[in-house]
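Good morning, colleagues. Please have the sequence and the model open on your screens while I speak.

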Protein chains: 2
Amino acid sequence: MRRDIFQAIADPTRRAIIALIAVQAMTPNAIADQFHSSRQAVSKHLRILTECELVSQKQQGREIYYQLQINKMKEIDKWLEQFRKIWESRFDNLDKYLALLQKNKAHGKGSK
Amino acid sequence: MRRDIFQAIADPTRRAIIALIAVQAMTPNAIADQFHSSRQAVSKHLRILTECELVSQKQQGREIYYQLQINKMKEIDKWLEQFRKIWESRFDNLDKYLALLQKNKAHGKGSK
DNA sequence: ACTTTGTGAAACCGAACGGTTGCATATACA
DNA sequence: TGTATATGCAACCGTTCGGTTTCACAAAGT
């Protein structure tokens, strides 16, 4: 039973749930109404999201409001950081440089 | 057979492969040597990564170099954008504001 | 031509996934 | 107290996942 944030966001329904409760906390029934999923299916998704601490519960009478723990989302951002470095350097510098070389070559200025 | 980028990065081995070939293109055998995975297992991962266009192949003799298509990684970044907005506004403003309120309250300046 | 090397693909297997069905529990309302 | 509502949980089911084993094929070396 793998249960990390990357596995949690792998499912499209769970991504939709995350986006939904990011705006405001909602109950399982209210969430299920938004999709073509049953209440139980949503409940299972919420269980998974809770297990990896992406959402938290807030009991209110007999209703339970689920809230996104937005801080947890930063873990994805953190992982992405290493690649952001690459695409910022590689595409803004190296790639343009290569394009420039290619252009010069085509104009007969390639061999210094 | 779902095959989107979020499903692709769900597996920890695939994330490791992605990080590995982000630095430089590598052959399946070279990649497999870095892990405790068999060559065939790596091959299957590369297949999945190729299917969702996260990596591309570059034949060189009988060797095939796999290269990360870093542009595709931006899709994750793009999806994350909606949440980045939230955590930047919510935590940099509201949270600091609440912390300030708390601080003032502790000092006896809470009620106006 | 034969062998070695690098690779992909198919068949299979146990485990996990996503969903449904049915039941249990707790709160609200009459 | 009885009933409706809101929810979680366990059992089951078909599908997918990640891995191994085996085979096929093409390029390189002898």
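Predicted model: local features only at pLDDT ≥ 70, side-chain atom pairs only at ≥ 80, totals over all residues.

Residues are numbered from 1 along each chain as its sequence is written, while chains are lettered from A and ligands numbered from 1 in the order in which they are written.

Let me begin with the pairing. Chain B can be laid on chain A by a turn of 180 degrees with a shift of 0.0 Å along the axis, giving an RMSD of 0.0 Å; the superposition is by least squares on the C-alpha atoms of residues with pLDDT of at least 70 in both copies. The two copies are thus related as by a two-fold rotation axis. In chain B, B:Ala10 has the C-alpha nearest that axis, 3.0 Å from it.

How many residues of chain B are in contact with chain A? There are 20, and they meet 20 residues of chain A; contact requires C-beta atoms, placed from the backbone, to lie within 7 Å. On the chain B side, two or more residues come from each of helix H1 (5-8), helix H2 (12-23) and helix H5 (70-106), where helices (H or I, at least four residues) and strands (E, at least two) are DSSP runs numbered from the N terminus. H5(B) supplies the largest share, 13 residues. By class, this side has 12 nonpolar, three polar and five charged residues; Ala, Val, Leu, Ile, Met, Phe, Trp, Tyr, Cys and Pro count as nonpolar, Asp, Glu, Lys and Arg as charged, and the others, Gly among them, as polar. Since 100% of the interface residues of chain B are also interface residues in chain A, the copies meet through the same surface.

The largest nonpolar core has 32 residues, and A:Ile21, A:Val55, B:Ile21 and B:Val55 have the most contacts inside it. Such a core is a set of buried Ala, Val, Leu, Ile, Met, Phe, Trp, Tyr and Cys residues joined through C-beta atoms within 7 Å. A second, separate core of five residues includes A:Met73, A:Ile76, A:Phe83 and B:Met73.

Finally, some local points. A:Glu53, in the loop between H4 and strand S1 (55-60) of chain A, has a positive phi of about 60 degrees although it is not a glycine. With 14 C-beta neighbours inside 10 Å, A:Glu53 counts as partly exposed; buried means 20 or more other C-beta atoms within 10 Å, exposed 12 or fewer, and partly exposed in between, with C-beta atoms placed from the backbone. Chain A averages a pLDDT of 88, and 79% of the residues score at least 70; pLDDT is the predictor's confidence in each residue, from 0 to 100.

Methods:
Contact = placed C-beta atoms within 7 Å.
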